[in-house]
Amino acid sequence: MIENIERVLFTEEQVSARVAEVAAEISEKYRGRELKLIGVLKGSVFFLTALARAITVPVKIDFLAISSFSGRSDGAAQGMVRIAKDLDDPIQDEDVLLVEDIVDTGFTTRYLLQTLAGRGPRSLGICTLLDRSVRRIVQVPVDYRCFEIPDRFVVGCGLDYKQLYRNLGYIAVLNREMMNPEKSP
Ligand code: IMP
Ligand code: MG
């Protein structure tokens with residue numbers, strides 16, 4: 001295990017097993033249809049590819065990127081999100097599943113849901129690797145979640161801290177000293 005990791009929340013084996021379960025649920029739900037997975041760059045990439053490979057109905061994929069200010073502490077820009085890179089293709093009349101790395105406050109997800117809903121998909125669902133519902137500020141309907149997590153900052157499986165750690169196969173809590181260097185001895 002690498003330095004700066006306080007503890008592993010879910011091992012690579014646990015993540016793979018849970019992704020397989022959720023993929024089976026999704027395959028059952030969309031049986032006989034085609035499904036478009038929409039990933040939010042960059043955090044959902046690792047989860048989306050694992051999910052897509054385990055889903056048994058025909059799958060299309062597309063990506064969008066957002067700039068979000070929900071992490072700022074001044075409160076002024078809280079919840080502000082904008083699309084930095086849009087989808088390549090329309091989603092009209094398609095069964096769409098928005099694939100997220102984590103639903104935290106819910107601001108990002110709500111914004112994306114509203115935006116995508118306005119484009120006339122046949123159906124629109126949400127699938128997230130992680131759900132930190134204790135921090136939710138705006139309610140969003142999460143259809144599929146792999147894991148509920150406690151109120152700690154996590155990395156791995158696509159989630160980053162300053163763009164690092166996305167490639168870890170497991171999901172881990174970072175050391176608090178790492179997050180707040182000014183407070184370390
Ligand atoms: P929300 O709009 O507050 O739900 O923020 C969701 C976004 O914040 C996610 O897509 C992540 O990019 C980022 N984020 C929230 N919590 C974490 C975390 O624990 N680790 C890494 N990124 C996080
Ligand atoms: Mg991030």
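Cysteine 127 stands opposite tyrosine 144 in strand E7, where strands (E, at least two residues) and helices (H or I, at least four) are DSSP runs numbered from the N terminus. The two strands concerned, E6 and E7 (residues 144-148), pair in the parallel sense over 4 bridges, and two strands are said to pair if DSSP finds at least two bridges between them. This is a predicted model, in which local features need pLDDT of at least 70 and side-chain atom pairs count only at pLDDT 80 or more, while totals for chains, interfaces and linings use all residues. Residues are numbered from 1 along each chain as its sequence is written, chains are lettered from A and ligands numbered from 1 in the order in which they are written, and side-chain values use heavy atoms, with hydrogens and water left out.

**Strands E5 and E6**

- Strand E6 (residues 123-131) has 7 of its 9 residues buried, so it is largely enclosed by the rest of the structure; buried means under 20% relative accessible area, taken with a 1.4 Å probe and protein chains only.
- Strands E5 and E6 run parallel and are joined by 8 bridges, and valine 103 has aspartate 131 in E6 as its bridge partner.
- On its way from E5 to E6 the chain passes through helix H3, and this β-α-β crossover is right-handed, a term which means that, with the strands pointing away from the viewer, the path from the first strand over the helix to the second runs clockwise.

**Aspartate 95**

- Aspartate 95 belongs to strand E5 and is buried, with a relative accessible area of 4%.
- The side chain of aspartate 95 makes a polar contact of 2.6 Å with the side chain of serine 123; such a contact is a pair of N or O atoms within 3.5 Å, and within protein one must be able to donate a hydrogen and the other to accept it, with residues adjacent in sequence counting only if both atoms are side-chain atoms.

**Surroundings of ligand 1**

- Ligand 1 is surrounded by 13 residues, the closest being Asp101, Thr105, Thr108, Arg132 and Val154, and a residue counts as near if one of its heavy atoms lies within 4 Å.
- An N or O atom in the side chain of threonine 108 is 2.4 Å from an oxygen atom of ligand 1, whereas valine 154 places a backbone N or O atom 2.6 Å from a nitrogen atom of the ligand.
- Strand E5 (95-103) and helix H3 (107-117) are the elements that give two or more residues to the shell around ligand 1.

Definitions and conventions:
Buried means under 20% relative accessible area, exposed over 50%, partly exposed in between (1.4 Å probe, protein chains only).
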